[in-house]
Amino acid sequence: MDFDSKYIEISQKIASGQTIASLTEIRSSVSHLISICVPPEDIIEGILYHLLLLLPTKNLNLIALAASDIMARLDSSSKAIFHIEAFVAKSMSIIAGKI
């Protein structure tokens, strides 16, 4: 499986629609990636990389900061899906202008 194409798909969903339905679809995609043993750090890095390519400059620093915060939390937890979902939700909030 080409993980990069999955990261692109997830990033496009984040950038194009900040809805609960989008978040649910993304959670399913992330859960699948975790189930086939893709490291959570790689998932966040892949999503972040493609978000940085898609988004305007004004949002980039906040999204990168959110990613670094989540990466630090991953080290102290065994529930990666919750942290990745939090990163996705925070990214959606930043893009929507709520943060």
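User: Where is Lys13 found?
Analyst: Lys13 sits in helix 1. Helices are DSSP runs of H or I with at least four residues, and strands are E runs of at least two, numbered from the N terminus.

User: What should I know about the model itself?
Analyst: This is a predicted model, where local features need pLDDT of at least 70, side-chain atom pairs count only at pLDDT 80 or more, and totals for chains, interfaces and linings use all residues. Residues are numbered from 1 along each chain as its sequence is written, and side-chain values use heavy atoms, with hydrogens and water left out.

User: Back to Lys13. What does Lys13 touch?
Analyst: Leaving out residues up to four places away in sequence, Lys13 touches Ser22, Glu25, Ile26, Ser29 and Met92. Contact means heavy atoms within 4.5 Å.

User: How many Å separate the C-alpha atoms of Lys13 and Ile26?
Analyst: They are 7.5 Å apart, with Lys13 and Ile26 13 residues apart along the chain.

User: How do the axes of helix 1 and helix 5 cross?
Analyst: Helix 1 covers residues 3-16, and its axis comes within 8 Å of that of helix 5, crossing at roughly 40 degrees. That makes helix 1 oblique to helix 5. Axes are lines fitted to C-alpha atoms, for helices over the stretch in contact, and angles run from 0 to 180 degrees between N-to-C directions. Under 35 degrees counts as roughly parallel, over 145 as roughly antiparallel, 65 to 115 as roughly perpendicular, and the rest as oblique.

User: Which residues make that contact?
Analyst: Helix 1 gives Lys13, Ile14 and Ala15, while helix 5 gives Val88, Ser91, Met92 and Ile95. By class, that is five nonpolar, one polar and one charged. Ala, Val, Leu, Ile, Met, Phe, Trp, Tyr, Cys and Pro count as nonpolar, Asp, Glu, Lys and Arg as charged, and the others, Gly among them, as polar.

User: And helix 3 with helix 5, parallel or antiparallel?
Analyst: Helix 3 and helix 5 are roughly parallel. The axis of helix 3 (residues 40-54) comes within 10 Å of that of helix 5, and they cross at roughly 15 degrees. In helix 3, Pro40, Ile43, Ile44, Ile47, Leu48 and Leu51 meet Ala80, Ile84, Phe87 and Ser91 of helix 5. That contact has nine nonpolar, one polar and no charged residues.

User: What about helix 4 and helix 5?
Analyst: Helix 4 (residues 57-74) and helix 5 (residues 80-96) have axes that come within 10 Å and cross at roughly 165 degrees. That makes helix 4 roughly antiparallel to helix 5. Their contact residues divide into 12 nonpolar, three polar and two charged.

User: New topic. How many cavities of 30 Å³ or more are there?
Analyst: One, from a search of the whole structure. On a 1 Å grid over the protein atoms alone, a cavity is a set of points where a 1.4 Å probe fits but cannot get out, and lining residues have an atom within 4 Å of a point. The largest cavity holds about 30 Å³ of space. Grid points are joined across faces, edges and corners, and a volume is the space filled by probe spheres set on the points.

User: Which residues line the largest cavity?
Analyst: Leu23, Ile26, Arg27, Val30, Ile81, Ile84, Glu85 and Val88 do. Helix 2 (20-35) and helix 5 are the elements giving two or more residues to that lining. The lining has six nonpolar, no polar and two charged residues.

Conventions: On a 1 Å grid over the protein atoms alone, a cavity is a set of points where a 1.4 Å probe fits but cannot get out, and a pocket is an open set with protein on both sides within 12 Å along at least five of seven lines; lining residues have an atom within 4 Å of a point.
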